[in-house]
Amino acid sequence: MNQTFTVQGMTCGHCERAVTTAIKHLDPQAEVRIDRPHNRVDVTSTQPREKIAEAIREEGYAVGA
């Protein structure tokens with residue numbers, strides 16, 4: 001399932017890796033694409049949207065719609 005998240009606070013490559021790692025920890029098979037200039041994270045995963053959002057929040061980033 002494809003899901004798009006608006007993630008505030010990603011400012012560098014380290015931020016991108018932290019978000020990607022958090023999602024991959026939840027679902028190792030997930031595909032993660034990050035568009036940092038637009039604060040967008042596209043995820044292809046079988047995990048529920050709220051679980052992915054929570055994994056991103058646990059890394060310290062604000063997750064919007």
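Q: Which hand, left-handed or right-handed, does the crossing of α1 and α2 have?
A: The crossing of α1 and α2 is right-handed; that word applies if the near helix is turned clockwise from the far one by less than a right angle, and left-handed applies if anticlockwise. Both elements are DSSP runs numbered from the N terminus (helices: H or I, at least four residues; strands: E, at least two). This is a predicted model, in which local features need pLDDT of at least 70 and side-chain atom pairs count only at pLDDT 80 or more, while totals for chains, interfaces and linings use all residues. Residues are numbered from 1 along each chain as its sequence is written, and side-chain values use heavy atoms, with hydrogens and water left out.

Q: Why are α1 and α2 called oblique to each other?
A: The axes of α1 and α2 cross at roughly 135 degrees and come within 9 Å. Such axes are lines fitted to C-alpha atoms, for helices over the stretch in contact, with angles from 0 to 180 degrees between N-to-C directions. Angles under 35 degrees count as roughly parallel, over 145 as roughly antiparallel, 65 to 115 as roughly perpendicular, and the rest as oblique. The two helices are therefore oblique.

Q: Which residues in α1 and α2 meet?
A: On the α1 side they are V19, A22, I23 and L26, and on the α2 side K51, I52, A55 and I56. A contact here requires heavy atoms within 4.5 Å.

Q: What makes up the largest nonpolar core?
A: The largest nonpolar core has 15 residues, and F5, I23, V41, I56 and Y61 have the most contacts inside it. Such a core is a set of buried Ala, Val, Leu, Ile, Met, Phe, Trp, Tyr and Cys residues joined through side-chain atoms within 4.5 Å. Two or more residues come from each of β1 (2-8), α1 (13-26), β3 (40-44) and α2 (49-58). The largest share, four residues, is that of α1.

Q: Which residues does I23 touch, not counting residues up to four places away in sequence?
A: I23 touches A30, V32, V41, V43, I52 and I56.

Q: Why is F5 called buried?
A: F5 is found in strand β1. Buried means under 20% relative accessible area, exposed over 50%, and partly exposed in between (1.4 Å probe, protein chains only). F5 has 0% relative accessibility, so it counts as buried. Its C-alpha atom is separated by 9.2 Å from that of I52, 47 residues apart along the chain.

Q: How do we know that C12 is in no disulfide?
A: A disulfide is a pair of cysteine sulfur atoms within 2.5 Å. For C12 the nearest cysteine sulfur, that of C15, is 3.6 Å away. C15 is likewise in no disulfide, with the sulfur of C12 as its nearest. The count of disulfides comes to zero.

Q: Are C12 and C15 buried, exposed or partly exposed?
A: C12 has 30% relative accessibility, so it counts as partly exposed. C15 has 7%, so it counts as buried.

Q: Why is Q29 called exposed?
A: Q29 lies in the loop between α1 and β2. Q29 has 68% relative accessibility, so it counts as exposed.

Q: Why is R36 called partly exposed?
A: R36 is placed in the loop between β2 (31-35) and β3. Its relative accessibility is 28%, so it counts as partly exposed. Leaving aside neighbours within four places in sequence, R36 is in contact with M10, T11, C12, G13 and E16. R36 and G13 are 23 residues apart in sequence and 9.0 Å apart in space, C-alpha to C-alpha.

Q: What is the phi of N39?
A: N39 has a positive phi of about 55 degrees although it is not a glycine. Most residues other than glycine have a negative phi. N39 lies in the loop between β2 and β3. At 22% relative accessibility, N39 is partly exposed.

Q: Where is G9, and what does it touch?
A: G9 is in the loop between β1 and α1. Not counting residues up to four places away in sequence, G9 touches C15 and Y61. G9 has 44% relative accessibility, so it counts as partly exposed.
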